[in-house]
Amino acid sequence: MITFITDILTPAEPDILKGFEHYDLVFVPLDDDLSADFLRISPPETGWSHDELCRHSGRLECGDAYLAPPGIPLNIPSAQWVGSSEV
């Protein structure tokens with residue numbers, strides 16, 4: 001199960017979703033290489049929020065979650081890491 005680290009608990013924490021709200025959610029298993037997406041989910045019409053992301057936390061047992069530009073393969077420099085099963 002993926003733990004998303006996008007909730008903001010104190011005013012000092014950055015909003016890592018800002019600017020990535022309309023990117024695709026991409027799950028990558030830990031044993032996979034990053035050249036192929038495992039599962040890609042389009043954002044909701046209103047964009048991703050912490051609660052919206054958490055609704056998908058059970059879709060991957062072990063791996064990482066990224067927000068990546070729609071329509072292109074996952075590229076770590078252009079993606080935002082948002083969670084992992086290893087958190």
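This report describes the nonpolar cores, the aromatic pairs and one loop proline of a predicted model.

The largest nonpolar core has 13 residues. Those with the most contacts inside this core are Phe4, Leu25, Phe27, Leu53, Ala65, Leu67 and Val82. Strand 2 (24-29) and strand 4 (63-68) are the elements that give two or more residues to it. A second, separate core has six residues, among them Val26, Val28, Tyr66 and Ala68. In soluble globular proteins, nonpolar side chains tend to be buried together.

The structure holds two aromatic pairs, listed here.

| Pair | Centre to centre | Angle between planes | Type |
|---|---|---|---|
| Phe4 and Phe27 | 6.5 Å | 65° | edge-to-face |
| Phe20 and Tyr23 | 5.1 Å | 80° | edge-to-face |

Phe4 is buried because its relative accessibility is 5%, under the 20% limit. Phe27 is also buried, with a relative accessible area of 0%. In the other pair, Phe20 counts as buried at 18%, whereas Tyr23 is partly exposed at 23%.

Where is Pro70 found? Pro70 is in the loop between strand 4 and strand 5 (80-84). This proline is partly exposed, with a relative accessible area of 48%. Beyond its neighbours within four places in sequence, Pro70 is in contact with His22, Tyr23, Asp24 and Arg40. Pro70 and Ser42 are 28 residues apart in sequence and 7.6 Å apart in space, C-alpha to C-alpha.

How values were computed
Residues numbered from 1 in each chain as written. Predicted model: local features only at pLDDT ≥ 70, side-chain atom pairs only at ≥ 80, totals over all residues. Heavy atoms only, no water. Core = buried A, V, L, I, M, F, W, Y, C linked by side-chain atoms within 4.5 Å. Buried < 20%, exposed > 50% of the residue type's maximum accessible area, 1.4 Å probe, protein only. Helix = DSSP H or I, 4+ residues; strand = E, 2+ residues; numbered from the N terminus. Contact = heavy atoms within 4.5 Å. Phe/Tyr/Trp six-rings, centres within 6.5 Å; stacked < 30°, edge-to-face > 60°.
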